[in-house]
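Have the structure open as you read.

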Number of protein chains: 2
Amino acid sequence: MANIVIIGLGSGGFAAFLAIRRNDPDAFITIIEKRSYQMFSPCGMPYAIEGIIDLDKLSFSLPEDNHSTKLLMHEATSIDPIVKNVMAKNLGTGEILSIPYDFLIIAQGAVPFIPPIKGARENLGNGVYVLHDIESAYIISDHAGKGKKVAVVGAGPIGLEIAVALRTKGLGVVVVEMLSYAMPRALDRDMAKLVERPLEASGIKLIFDQSVKSINGSPVNSISVDNETIETDMVILASGVRANIEIARNAGIEQGNWGIRTNAGMETNIRGIYAVGDCIETVSLINHRPTMMQLSSTAYRQGMVAGTNAAGGYDTYEGALGTFVTVLGNLEIAATGFNEFIAESAGYKIVSGKGHGKSKPEYYPGAKDITIKIIADARTGKVLGGQAVGEGAGALINVIALGIRCNIDVFSIARTEMAYCPMVGENYNVLNKAADFATRKLEKAQKEK
Amino acid sequence: MANIVIIGLGSGGFAAFLAIRRNDPDAFITIIEKRSYQMFSPCGMPYAIEGIIDLDKLSFSLPEDNHSTKLLMHEATSIDPIVKNVMAKNLGTGEILSIPYDFLIIAQGAVPFIPPIKGARENLGNGVYVLHDIESAYIISDHAGKGKKVAVVGAGPIGLEIAVALRTKGLGVVVVEMLSYAMPRALDRDMAKLVERPLEASGIKLIFDQSVKSINGSPVNSISVDNETIETDMVILASGVRANIEIARNAGIEQGNWGIRTNAGMETNIRGIYAVGDCIETVSLINHRPTMMQLSSTAYRQGMVAGTNAAGGYDTYEGALGTFVTVLGNLEIAATGFNEFIAESAGYKIVSGKGHGKSKPEYYPGAKDITIKIIADARTGKVLGGQAVGEGAGALINVIALGIRCNIDVFSIARTEMAYCPMVGENYNVLNKAADFATRKLEKAQKEK
């Protein structure tokens with residue numbers, strides 16, 4: 001009977017647990033988790049702050065299982081790969097446990113990145129916050145009284161989700177982003193415009209191309225950006241996360257630039273030790289270069305692979321695309337693969353096609369806008385990325401994600417026979433349309449050669 | 001300057017018109033259309049009868065264009081492929097026009113099939129109806145007074161859409177289907193159950209495995225099925241359509257089993273004459289056998305191809321999948337490719353995987369069910385079909401449609417990184433889940449060999 005230890009019960013650890021159980025009904029599974037509750041949905045937190053869902057409902061438990069132990073409120077403090085055990089500290093009593101393993105899965109996630117802004121660390125938890133767990137969501141909710149002002153640092157998906165949540169609750173909201181438009185890692189500037197306009201219309205002030213120089217006062221009363229000082233009662237840092245690698249590194253587990261390095265079986269350089277999710281460095285499925293991909297769905301699939309392999313099965317993870325979707329107010333935004341900037345930085349010559357349409361025909365009540373952009377390799381037509389803003393954005397992006405995964409060209413996406421009915425879309429699907437445009441540009445470019 | 005004539009202004013004719021204009025700004029286009037208005041959306045009619053949209057809003061006009069003539073209320077009566085002209089009758093004045101063409105596109109659509117039921121033809125328009133155009137939608141709406149009873153013949157998508165529309169308006173509704181479950185051409189029995197239950201819960205009576213023997217009375221007062229007589233004030237025939245091929249056949253244009261035969265360029269056996277949409281026999285994209293595919297989206301793509309070629313461009317249509325989506329009440333139903341019966345009839349040994357999930361995580365208000373089934377070739381794993389019932393069904397089916405088109409296996413669909421956010425779905429996407437199940441079954445079957 002194999003003894004399998006999982007450190008961390010996020011998406012990756014959860015998926016690993018299920019995969020182990022599927023592959024080996026007898027394996028004994030020990031889960032080590034710092035939190036006092038089993039699982040929770042981090043992606044739901046901004047919506048809970050907004051009041052759409054209950055914060056209390058974001059946590060849930062694993063299925064019942066006789067062959068497992070869940071050590072909640074325990075922190076893994078070290079791994080000994082020679083004797084094969086993990087030391088874990090009971091955060092309540094201080095007691096140290098030594099837990100032996102045959103196979104170990106590290107799914108420790110990431111820790112928030114605190115940017116080197118004067119006043120950030122000093123005021124952390126006291127006017128400066130990071131949304132990282134349910135506790136921090138409660139603190140932010142409590143602090144966010146009506147009429148107050150908040151500055152959000154970072155215009156990525158999470159920064160903007162928080163901005164919308166707090167704006168909806170009546171706060172004055174400013175978002176400061178170092179780069180020059182919203183969600184710059186996922187979107188191109190033209191698509192970002194479609195996101196920025198409704199945010200600004202809702203009263204959120206967006207400041208681009210500026211960084212926060214200092215957070216001033218105690219209690220916090222303002223932030224200074226490059227060329228102005230902005231009054232605020234509260235600062236939320238949404239500057240990303242860093243892989244939680246400390247105990248892995250101390251155990252001699254190899255690191256890449258972004259986190260723990262694994263092979264396609266999710267195994268680290270030490271046999272029998274796997275790592276998944278936000279704490280690892282993964283590879284891009286497009287150009288097979290190392291990359292960081294801190295998404296719940298990615299962690300889930302990696303967890304399945306690690307769990308299967310740890311339990312004696314065989315599985316591989318081939319790489320990540322970065323497919324994501326978010327909803328800001330009533331606006332759905334999704335993307336997958338490379339945006340233009342990243343594609344060009346990776347050496348591609350690109351062509352793109354954009355389609356604009358309605359979620360239902362014009363004559364239908366409740367028809368909403370949808371815009372989709374598809375990006376392809378100008379030499380081969382192979383799809384490299386997609387971005388969509390509007391009703392059904394996520395679902396359309398899933399089609400592009402399959403296309404990228406399978407090395408498909410824009411012509412094939414253009415010609416895919418998609419479902420039509422006036423209740424759910426238009427006769428000439430907006431993705432077909434975008435891909436047709438890209439195909440025509442491609443043909444034109446090839447003729448001109 | 002080329003003279004191009006289009007007979008029929010449905011999806012196919014419309015798409016042809018746009019494609020001609022894109023490829024040849026100078027072509028002169030003549031459109032011959034029987035209706036008194038330009039275009040309309042047949043797929044919207046059941047929803048208009050239900051009262052969700054205005055019947056008046058279903059018709060719309062082509063974009064303005066200086067190099068074209070639209071002959072509304074004109075019926076094409078014959079084609080002379082030697083002298084290259086079309087005779088068209090003005091349905092108002094009876095005048096006959098002779099219209100010369102360099103290229104001709106036949107996009108005449110289909111005519112309703114009136115099944116050989118005693119009393120059907122006799123009472124047509126007088127208690128027995130077919131939903132075929134806006135006029136017939138008005139007649140059905142007028143006749144459908146509250147408290148009345150209606151029998152619908154055929155439990156395909158259109159029959160069921162009409163059944164739901166009239167049930168919503170308060171009528172007593174019986175649906176009679178010769179085959180043994182709902183939407184038998186698109187769904188398998190297990191998936192059909194998910195459609196039948198809510199229909200029955202809404203008060204619609206579904207009668208399977210029986211055919212209508214006679215429509216009785218004048219005015220109609222009942223129908224007789226194999227073993228009972230059912231009172232009704234009104235019968236709606238939803239037994240499908242037949243390609244409208246008469247003038248094409250008279251002109252010597254080759255026919256297949258289901259309609260006008262074309263090559264992949266949509267050209268008939270007579271050079272310069274193209275045919276698209278419901279009036280043609282197309283091929284299956286899966287096994288390349290002739291088939292019938294009377295869908296608006298299919299006609300649209302075929303129209304693009306014919307228009308491009310007629311205007312001197314180059315394009316091909318490779319075949320149809322039958323991707324469709326409908327909404328019955330609040331339930332979305334979609335399918336693409338082969339169902340189990342059709343796949344097995346075509347000689348495939350199949351494996352399937354089914355995933356059930358929620359449109360949002362459980363903790364989210366408004367989470368709705370979604371079930372998806374994926375069907376694959378048990379030898380190769382290549383995807384052959386998909387069926388989905390529930391929230392977002394159509395969008396998920398589009399992913400499978402791309403998979404079928406590109407000869408992709410279930411493994412690749414399982415591994416496609418799909419967009420996740422608690423506002424729009426679950427962490428472990430239901431389609432990934434279904435494809436994972438199918439992959440495991442496939443692996444098991446291959447091990448057992």
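At roughly what angle do the axes of helix α1 and helix α7 of chain B cross?

## Ground rules

This is a predicted model, so to speak: local features need pLDDT of at least 70, side-chain atom pairs count only at pLDDT 80 or more, and totals for chains, interfaces and linings use all residues. Residues are numbered from 1 along each chain as its sequence is written, while chains are lettered from A and ligands numbered from 1 in the order in which they are written.

## The helix pair in chain B

The axes of α1(B) (residues 11-23) and α7(B) (residues 296-310) cross at roughly 35° and come within 7 Å. Axes here are lines fitted to C-alpha atoms, for helices over the stretch in contact, with angles from 0 to 180 degrees between N-to-C directions. Helices are DSSP runs (H or I, at least four residues), strands are E runs of at least two, and both are numbered from the N terminus.

Contact residues include B:Gly12, B:Gly13 and B:Phe17 of α1(B), and B:Gly303, B:Met304 and B:Gly307 of α7(B); "in contact" means C-beta atoms, placed from the backbone, within 7 Å. The tally is twelve nonpolar, nine polar and no charged residues. Nonpolar covers Ala, Val, Leu, Ile, Met, Phe, Trp, Tyr, Cys and Pro, charged covers Asp, Glu, Lys and Arg, and the others, Gly among them, are polar.

## Where the chains meet

Chain A brings 53 residues to the contact and chain B 52 residues. On chain A's side, α9(A) gives the largest share, nine residues. That side splits into 31 nonpolar, 16 polar and six charged.

Definitions and conventions:
Two residues are in contact if their C-beta atoms, placed from the backbone, lie within 7 Å.
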